[in-house]
Amino acid sequence: MRWASVIAGSVVVVTGASSGIGRATALGLADRGARVVLVGRRGSDLAEVSAECARRGADALVVALDVTDARAVCGAAQQAVERFGRLDGWVNCAGVTMFGGLLDVPLVDIRPVLDVNLMGYVDGA
């Protein structure tokens, strides 16, 4: 089975879609005919990705939110269903990085990493 045939026409949420791996994932899905729900914090960057999806012939929905807000994440799923009638997939690409030894970094700096990279994925799932 070719993945393109599975992806074409599907509705997929991509978190972290404004840059990096999330953006590349969203555009790759758009190239394969998916309808993409672009989730990220920076609405203006998401609008650029949406415009690129449109140039590639794909329909995209922009949902600006922070994945640390569980209710907002649930709302993104609801918006996807309202717009496209269903939700077929969810790709968690949102992420933050921290540099330093675990014992050297204050807990207040570790918390956002866990909130985005762990709980943001759990809430998306």
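Colleague: What is the relative accessibility of Asp59?
Modeller: This is a predicted model, where local features need pLDDT of at least 70, side-chain atom pairs count only at pLDDT 80 or more, and totals for chains, interfaces and linings use all residues. Residues are numbered from 1 along each chain as its sequence is written, and side-chain values use heavy atoms, leaving out hydrogens and water. Buried means under 20% relative accessible area, exposed over 50%, and partly exposed in between (1.4 Å probe, protein chains only). Asp59 counts as partly exposed because its relative accessibility is 34%.

Colleague: Happy with that! Which residue forms a salt bridge with Asp59?
Modeller: A salt bridge here is a side-chain nitrogen of Lys or Arg within 4 Å of a carboxyl oxygen of Asp or Glu. For Asp59, the closest N and O atoms of the pair are 2.7 Å apart, and the partner is Arg83.

Colleague: How many residues apart in sequence are the parts that this pair ties together?
Modeller: Arg83 is partly exposed at 41% relative accessibility. Helices (H or I, at least four residues) and strands (E, at least two) are DSSP runs, numbered from the N terminus. Asp59 lies in the loop between α3 and β3 while Arg83 belongs to helix α4 (residues 70-84), so the parts they tie together are apart in sequence by 24 residues.

Colleague: What N to O distance goes with the salt bridge of Glu52 and Arg55?
Modeller: Glu52 and Arg55 are about one helical turn apart, because three residues separate them in helix α3 (residues 43-55). Arg55 is exposed, at 61% relative accessibility. Their side chains meet in a salt bridge with an N to O distance of 2.7 Å.

Colleague: Which residues are linked with Glu52 and Arg55 in a network of salt bridges?
Modeller: By the rule above, the count comes to six salt bridges. In the network, Glu52 and Arg55 are joined by Asp31 and Arg56.

Colleague: Let's turn to the sheet. In what order do the four strands stand?
Modeller: Two strands pair if DSSP finds at least two bridges between them. β3 (60-64) and β4 (89-92) each have a single partner strand, so they stand at the edges with one side left without a neighbour in the sheet. The sheet is open and its pairing parallel, with the strands in the order β3-β2-β1-β4.

Colleague: At about what angle to β1 does helix α2 run?
Modeller: Contact means heavy atoms within 4.5 Å. Axes are lines fitted to C-alpha atoms, for helices over the stretch in contact, and angles run from 0 to 180 degrees between N-to-C directions. Helix α2 (residues 20-31) lies across β1 (11-15), β2 and β4, and its angle to β1 is about 165°.

Colleague: One last thing: what accessible area does the nonpolar patch with Leu114 have together?
Modeller: Patches are made of residues with over 30% relative accessible area and no salt bridge, with like charges joined within 9 Å and nonpolar side chains (Val, Leu, Ile, Met, Phe, Trp, Tyr) within 5 Å. Areas come from the Shrake-Rupley method with a 1.4 Å probe; for residues, only the protein chains shown count as cover. Leu114 lies in helix α5 (residues 107-124) and is partly exposed at 39% relative accessibility. On the surface, Leu114, Leu118, Met119 and Val122 together have an accessible area of about 330 Å².
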